[in-house]
Amino acid sequence: MKIIKFLILLLVVSACKNETKSTSPLQHTESKQIALKYAKGFKISQSDHSKTIKITKAWPTAEKTYTYLLLTKEQAAKTTYNKDDYDGIIITPITKTVVTSTTHIPALELIGAEETLIGFPGSDYVSSKKTRALINAGKVRELGKNEGLNTEVLLALNPDIVVGFGVDGVNKTFETLKKSGIPVIYNGDWAEASALAKAEWIKFFGVLFSKEKEADSIFNSIERDYLAAKEIAKQAKHQPTVLSGAMHKDVWYLPNGSSPEAQFLKDANVNYLWSDTTGNGSLALSFEVVLDKAKDADLWLSPSYYSSLKQLEDTNSLYTNFDAFKEQNIYSFSNTTGETGGVLYYELGTTRPDLVLKDLIKICHPELLTDYTPYFFKRLN
């Protein structure tokens with residue numbers, strides 16, 4: 001009997017020792033900060049034991065920094081950590097993903113992670129042929145609208161991660177998901193101040209899917225093409241005057257001079273008539289103010305959602321007072337859509353600013369980029 005008790009005690013002690021060896025506290029060894037050239041809204045650090053993503057600007061007025069810990073399944077199994085130190089624990093490799101903006105789709109595709117997508121809100125807005133094929137094959141569930149995601153379906157899908165975006169940090173669905181153990185990470189690409197900063201968020205997806213090298217290479221190629229196009233635009237001998245935007249009710253909304261949209265026009269080497277303005281958000285002006293300044297403008301770019309000259313005129317005959325209307329020099333991206341009507345610019349434009357800039361150069365300086373065909377923008381008929 002004593003021998004049996006001794007053996008049982010030995011087994012208990014041995015089990016305790018093995019349990020102690022199986023897990024250890026997350027070691028705060030020296031971590032390497034991954035360099036970012038333009039983006040200000042996130043930071044990435046990596047150590048021998050883990051990766052950390054900090055979202056420092058989830059939306060323009062965000063004051064909170066969101067911190068996420070990335071661990072492999074093996075690391076998670078043998079590591080202890082304080083969950084309260086993080087806004088989410090992400091276990092890799094990620095095999096089931098939900099994203100909530102069409103701007104996330106191209107990044108997934110470029111790094112080869114689109115097959116992990118299992119849910120998306122408003123799938124009719126997706127234009128990409130690759131992801132549309134997944135949707136049509138029933139591999140991507142419809143999740144309703146961003147303002148009211150279908151929580152029941154989301155919980156049933158049980159994704160490894162939800163990539164969301166926020167405007168004020170208040171989202172009941174996200175809070176429900178977090179309480180259920182599903183990590184929600186904010187993507188703030190849209191809050192960046194420049195086109196290349198927005199495009200650099202592909203590195204955010206590269207870290208999530210352990211494809212840092214691929215993401216770096218893709219971004220470097222986009223940056224190189226963008227800067228090369230910018231240099232070509234400097235060769236233009238004439239700067240056409242440019243008007244942008246359109247009216248909503250009685251207010252004309254157009255980009256302020258410090259916006260990413262205005263930066264595109266500056267890099268395309270044109271005379272944007274409101275380039276000297278600054279501020280957050282769009283300028284809101286009266287029709288009279290815009291007409292006085294832009295009646296003789298050479299070009300009118302991005303006239304809101306309007307897709308034809310007739311639609312513009314039928315909506316408000318005052319638009320016909322502009323020379324750009326009379327000369328049919330109005331260009332928009334609204335007519336370049338996917339098979340279900342999603343506007344391609346809203347999906348791909350953030351990730352591929354090089355294509356946007358080349359479009360504008362081709363329109364504004366037709367003597368340059370002679371072999372290039374605009375990808376997004378078309379002249380309104």
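Two strands count as paired here if DSSP finds at least two bridges between them. On that basis, this predicted model has an open sheet of three strands, lined up as β16-β17-β19 with antiparallel pairing. The edges are taken by β16, covering 246-248, and β19, covering 282-285, and each of these pairs on one side only. Neighbouring strands in the sheet are turned against each other by 40 degrees on average, with direction ignored.

Zooming in on one pairing, β16 and β17 (residues 251-255) run antiparallel and are joined by three bridges. As a reminder, strands of a sheet pair through backbone hydrogen bonds, either parallel or antiparallel. Then there is helix α11, residues 287-294, which lies across β16, β17 and β19. Against β19, helix α11 runs at about 105 degrees.

Now for the nonpolar cores. The largest has 56 residues, and the members touching the most others are L243, W252, W274, W300, F376 and F377. Helix α15 (residues 353-364) is the top contributor to this core, giving seven residues. F376 has quite a list of contacts: leaving aside residues up to four places away in sequence, F376 touches S332, F333, T336, L344, Y345, L348, G349, R352, L355, V356 and D359. In soluble globular proteins, nonpolar side chains tend to be buried together.

Definitions and conventions: Residues numbered from 1 in each chain as written. Predicted model: local features only at pLDDT ≥ 70, side-chain atom pairs only at ≥ 80, totals over all residues. Heavy atoms only, no water. Helix = DSSP H or I, 4+ residues; strand = E, 2+ residues; numbered from the N terminus. Axes fitted to C-alpha atoms, helices over the stretch in contact; angles between N-to-C directions. Contact = heavy atoms within 4.5 Å. Core = buried A, V, L, I, M, F, W, Y, C linked by side-chain atoms within 4.5 Å. Buried < 20%, exposed > 50% of the residue type's maximum accessible area, 1.4 Å probe, protein only.
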